[in-house]
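Hi,

Here is the structure I said I'd send over. Have a look at it first, and then read on for what I found when I went through it.

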Amino acid sequence: KKGQGVYTQEHTKLVNHIIKPCAVALANAVAYQDLLEYKDKLVDDNQFLQKELISKNYKDIIGTSSGLKNVMELVKQTASKDNTVLLLGETGTGKEVIANAIHCNSARKNGPFIKVNCGAIPESLIDSELFGHEKGAFTGASSTKKGRFERSSGGTIFLDEIGELSLQAQVRLLRVLQNHELERVGGTASIPVDIRVIAATHRNLEQMIAEGKFREDLWFRLNMYPIHIPPLRQRKEDIPAFVKYFLQTGSKKLGLNETPPMTSGALNRLVNYQWPGNVRELQNIIERELIIYNGGSSLNFESINCIKQTNKSSEIEKKEFVLESLDRHTAKYIQDVLEHTNGRINGKNGAAELLNINPNTLRSKMEKLGIKNKM
């Protein structure tokens, strides 16, 4: 309204009457918006944890009373404690299964078990994935996000392939291990976390330290309680149990009515194979045999012999190729030099001088390689 005297004391009284209801309505609207955001975060956390906690269903570990007996003794010793554990072993030996066993036999068994494959997360996203980020921390950060460490609070976090972490991420991880607190990307507040860390790697961390690729102080923190998991070729007594288990689970997965039988020599064939890919390779071989299985026949695993023969042939071919190509290359190089010197071996600018070797040595090489001098 324009002009003076338009609003009266009566208008003031009317406004005063609606101030409180408007304030309550506004407060309710803000609270409702906050509630919706919290609900979305809880749904997100629940979906994330449900996916991660599938791995807690392991009950029996194959090899507990045989090939993994010593490993399981170490697991029993440390499971009830809260110390950091470092699992060492080749790829495919079952480090994740051992991490599950430690978690499920600890006081944290009712808490989350969060797995992180450090080698599968791009370096540009590793900080955000592990430690979370605040809204607006970077382009695309439209809301606050909890990292894997926060989500595992009250439980266990399993850092697989720890050797793949960048040095920058190693620094932040060291702080979490030392102080049990973290800062989200783009944030300044310290957030306490109650976690147990289990790390795993197939790499030689001590060698990486010498090469400047892994922090020594982080290694000291992680190496508090190392557990070495032997490869499958060193615990062949476990192979029959693995075969039975993978045949049953694989048949069910592929929709077979019953588990196919094996020929008499099939198991020996599997036991005698060296399994460079360990348990994971064994599982893949069995599933492949089940896929090509024809009802009424038996599994013989003859593909194992093909793999052995292929590997052996490849090694021989590679060795022969290197030797042949080296001799051929040397002979061609000497012939080119001789052509350049018009066949002259001795003296200034002779072939021996250009090759920087003794003339007699050059003649010996020529005789060995069957090179005839035109001079």
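Let me start with helix H2, on the face turned away from its buried side: the exposed residues there are Asn70 and Lys76. One thing to keep in mind throughout is that this is a predicted model. The buried set of H2, which runs over residues 69-79, consists of Val71, Met72, Val75, Thr78 and Ala79. Those residues sit on the same side of H2, because they cover an arc of only 130° around the axis. As for what lies over them, the cover includes strand S1 (85-88) and helix H3 (95-104), along with strands S6 (196-201) and S7 (226-228).

Helix H9 can be read in the same manner. Its 15 residues, 239-253, should span 21 Å at 1.5 Å a residue, and the end C-alpha atoms are 20 Å apart, which agrees. On the inside you'll find Ile239, Phe242, Val243, Phe246, Leu247, Gly250 and Ser251, the buried residues of H9. They are on the same side of the helix, since their arc around the axis is only 145°. Lys244 and Lys252 are exposed on the other side of H9. Helix H10 (266-272) and helix H11 (278-291) are among the elements that cover the buried residues. After H9 comes Gly255, with a positive phi near 75°.

Now some loops. Which residues does Arg108 touch, once its neighbours within four places in sequence are left aside? The contacts are Asp82, His103, Gly154, Gly155, Thr156, Asp194, Ile195 and Arg196. Arg108 itself is in the loop between H3 and strand S2 (113-117). With a relative accessibility of 8%, Arg108 is under the 20% cut-off and so counts as buried.

Are they buried or exposed? Phe301, in the loop between H11 and helix H12 (303-340), counts as buried because its relative accessibility is 0%. Asn342, in the loop between H12 and helix H13 (351-355), has a relative accessible area of 61% and is therefore exposed.

Ile19 has 46% relative accessibility, so it counts as partly exposed.

Finally, the overall picture. The protein has 14 helices and seven strands. It has 375 residues, of which 36% count as buried. If you take the contacts between residues at least 6 apart in sequence, 72% of them join residues at least 24 apart. The accessible surface comes to about 23,100 Å², and carbon and sulfur atoms account for 51% of that.

Cheers

How values were computed:
Residues numbered from 1 in each chain as written. Predicted model: local features only at pLDDT ≥ 70, side-chain atom pairs only at ≥ 80, totals over all residues. Heavy atoms only, no water. Buried < 20%, exposed > 50% of the residue type's maximum accessible area, 1.4 Å probe, protein only. Helix = DSSP H or I, 4+ residues; strand = E, 2+ residues; numbered from the N terminus. Arc of directions from axis to C-beta. Contact = heavy atoms within 4.5 Å. Expected span 1.5 Å × (residues − 1). Areas by Shrake-Rupley, 256 points an atom, 1.4 Å probe, with all protein chains shown as cover.
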